[in-house]
Amino acid sequence: TPLDSKSKEVSLAFNHVNFRYPSAEKLALEDIDFSIKDGEKVAIIGGTGAGKTTLANLILRLYDIESGSIEINGIDITNVSQHDLRKMIGFATQNALLFSGTIRENLKYGNDEATDDELWHALEVAQGKDFVSKLPDGLASRVEQGGANFSGGQRQRLSIARALATDAKVLVFDDSFSALDFRTDARLRKALEPETRDKAVIIIAQRISTVVDADQILVLDNGKLAGKGTHEELKETNKVYQEIIDSQMKGEDI
């Protein structure tokens with residue numbers, strides 16, 4: 001079934017998804033159920049090993065699920081070509097997957113028709129314009145394999161800019177703010193707002209400060225949904241969320 005990547009509306013739904021890694025006894029994700037549409041921002045938070053990245057990988061169909069379904073625009077993703085799926089989804093990962101070449105080539109990876117103006121705009125939103133414009137060759141500057149010649153925070157900003165340079169209607173940020181300091185993180189999320197009004201945004205994070213302004217926060221704990229709600233709701237009612245706050249804030253108010 002072809003997916004229309006130009007359609008105005010977009011929706012992504014996990015319907016009671018169970019997933020286990022090949023030959024594993026235990027489910028890695030159990031009964032994951034949520035939906036998101038354009039203009040919404042869902043955040044997924046949980047400790048290390050909670051299943052956050054596994055969930056992100058399922059959106060790209062890097063693995064097939066055991067039961068339930070994952071749908072984009074009402075179409076089961078098992079009926080969609082990888083090519084169509086990748087056009088719909090902009091993905092920025094924690095360990096930015098950069099390859100050797102120029103910054104321009106890396107940023108155009110998901111959209112080879114992007115103009116330099118569009119790339120600079122994506123860099124500006126991703127808080128990367130400053131450091132790239134200071135490089136003697138700008139967009140033509142070299143990127144070593146894995147982005148080894150840039151800092152972790154710079155790599156993440158390049159990865160975010162690359163996701164923004166696509167026309168993707170679903171943006172997934174998989175812990176891709178983790179190397180940014182709090183101020184850059186806050187500026188980036190503010191700059192994202194106007195850019196993503198017609199997109200569905202999924203932010204996967206470990207830091208409470210990154211997720212507070214999401215429309216809905218999913219709390220993952222050992223592969224299960226331990227809670228769903230806004231920051232204020234979860235802060236009042238959800239034990240796992242309260243524990244995450246306590247461990248991060250060490251007495252500060254949030």
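**Close-up views of a predicted model**

**View 1. Arg207 and the ring of Phe182.** In this predicted model, the charged end of Arg207 lies over the ring of Phe182, at 4.5 Å from the ring centre.

**View 2. The aromatic pair of Phe19 and Tyr63.** The model contains seven aromatic pairs. One of them joins Phe19 and Tyr63 in a tilted arrangement, with 5.4 Å from centre to centre and 45° between the planes. The two partners come from distant parts of the chain, 44 residues apart. Phe19 belongs to strand S1 (residues 11–19), whereas Tyr63 lies in the loop between helix H1 (52–59) and strand S4 (67–72). The angle counts as tilted because planes under 30 degrees apart would be stacked and those over 60 would be edge-to-face.

**View 3. The surroundings of the two rings.** Phe19 is buried, its relative accessible area being 1%. Tyr63, by contrast, is partly exposed, with a relative accessible area of 31%. Together with Tyr21, Phe19 and Tyr63 make up one aromatic cluster.

**View 4. Helix H1 and the residues around its end.** Seven of the eight residues of H1 are buried, so the helix is largely enclosed by the rest of the structure. The buried residues are Lys52, Thr54, Leu55, Ala56, Asn57, Leu58 and Ile59. Each of these has a relative accessible area under 20%, because that is the limit for a buried residue. After H1 comes Arg61, which has a positive phi near 55°.

How values were computed:
Residues are numbered from 1 along each chain as its sequence is written. This is a predicted model: local features need pLDDT of at least 70, side-chain atom pairs count only at pLDDT 80 or more; totals for chains, interfaces and linings use all residues. Side-chain values use heavy atoms; hydrogens and water are left out. Rings of Phe, Tyr and Trp (its six-membered ring) pair if their centres lie within 6.5 Å; planes under 30 degrees apart count as stacked, over 60 as edge-to-face and the rest as tilted. Helices (H or I, at least four residues) and strands (E, at least two) are DSSP runs, numbered from the N terminus. Buried means under 20% relative accessible area, exposed over 50%, partly exposed in between (1.4 Å probe, protein chains only). A charge sits over a ring if NZ of Lys or CZ of Arg is within 6 Å of the ring centre and within 35 degrees of the ring normal.
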